[in-house]
Amino acid sequence: MSILSFSGPRWTTRHLTLAAMLTALEVILGKMSVGNPTVLKVSLGFIATALVGYCLGPWLGGMVMIVNDLISNTILNTGGGMFFPGYTFSAFITGVIAGLFLYNQRVTWQRIFIYELCQIAVTNVFFNTLWIYVMSLSSHTTGQSFMALLAIRLPKEIISWPIESLIVLALLKAFSKINLPIQR
C-alpha cells in the first residue's frame, strides 16, 4: 500500500455512472450551505468530495469536481455570483487531493486527518482565498488585502478541520465495510 494513489479505476460504464451519481450528490450537498459564499461559507459538500476521491481516484475525481463546479455555478447558481474559472481549478485540485489520499487506501484516522489538512490548506485556505482576493480587485468595491481575507477565513478552516475529519472518518469506515462491486 503506497502513501498516495496516483492511479484510478478504468473508465467503465459502472464508474462513469457512479461518477454521475456522486456529481449529483456533490451538487446537492454543496447547495446545503450557510454563510456568504464570497467570504465565508459552510456546506456539506466535503462529504461527497471524500466519497468521490475514495471511489473514483484522483483523475476521475478531479473531473467530477469540475463538472460539479460548472453545474453549481452556472446552471444552478442561486447566489447571484458570477462564474470564475479559478474556483473550477480549485475544484479540480480538491478532487485530485481526495483521490490521492483516499483511493485504494486503508481508512485510518491519521490518513483522514492528513487528507483534510492538505485539502483545507491547499484549496480552501490558499486558492479560494486567492480567488476571492483576485475577484475583489476586479470589482469596483474596495478590494480587501489577501492577509485580511485570510484572517477572516482561517479560523473557520481551523475549526472545521477536526469536525470534517471525524465525519469523513465515520462515513468512510462505514462505506468501506459494505464492499460494493464498484469499489477498486
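Modeller: A residue is called buried when its relative accessible area is under 20%, exposed when it is over 50%, and partly exposed in between, using a 1.4 Å probe and counting protein chains only. By that rule, 45% of the 184 residues of the chain are buried. The model is a predicted one, in which local features need pLDDT of at least 70 and side-chain atom pairs count only at pLDDT 80 or more, while totals for chains, interfaces and linings use all residues. Residues are numbered from 1 along each chain as its sequence is written, and side-chain values use heavy atoms, with hydrogens and water left out.

The chain has 5 helices and 2 strands, where helices (H or I, at least four residues) and strands (E, at least two) are DSSP runs numbered from the N terminus. Read from the N terminus, these elements follow the order α-β-β-α-α-α-α.

Now to the interior itself. A nonpolar core is a set of buried Ala, Val, Leu, Ile, Met, Phe, Trp, Tyr and Cys residues joined through side-chain atoms within 4.5 Å. The largest such core holds 29 residues, and among its members L56, L102 and L172 touch the most others. Two or more residues come from each of helix 1 (13–31), helix 2 (45–75), helix 3 (85–102), helix 4 (109–138) and helix 5 (146–178), with helix 2 giving the largest share, 11 residues.

L102 shows how such a residue reaches across the chain: when neighbours within four places in sequence are set aside, L102 is in contact (heavy atoms within 4.5 Å) with A50, G53, Y54, I112, Y115 and L172. For the chain as a whole, among contacts with a separation of 6 or more, 74% join residues 24 or more positions apart.

Charged residues can be buried too. E164, placed in helix 5, is buried yet has no salt bridge, and K156, the nearest side chain of opposite charge, is 5.0 Å away; here Lys and Arg count as positive and Asp and Glu as negative, while His and the chain ends are not counted. A salt bridge needs a side-chain nitrogen of Lys or Arg within 4 Å of a carboxyl oxygen of Asp or Glu. Beyond four places in sequence, E164 is in contact with F46, E116 and I120. The whole structure contains 1 salt bridge, and K156 forms it with E157, the closest N and O atoms being 3.2 Å apart. Both K156 and E157 are buried.

N104 counts as partly exposed because its relative accessibility is 34%. Its phi is near 55°, a positive value in a residue other than glycine. Most residues other than glycine have a negative phi.

The segment before helix 1 contains S2, which touches Q105 and R111, again leaving out residues up to four places away in sequence. S2 and F101 are 99 residues apart along the chain, and their C-alpha atoms are separated by 9.7 Å. S2 is partly exposed, because its relative accessible area is 41%.
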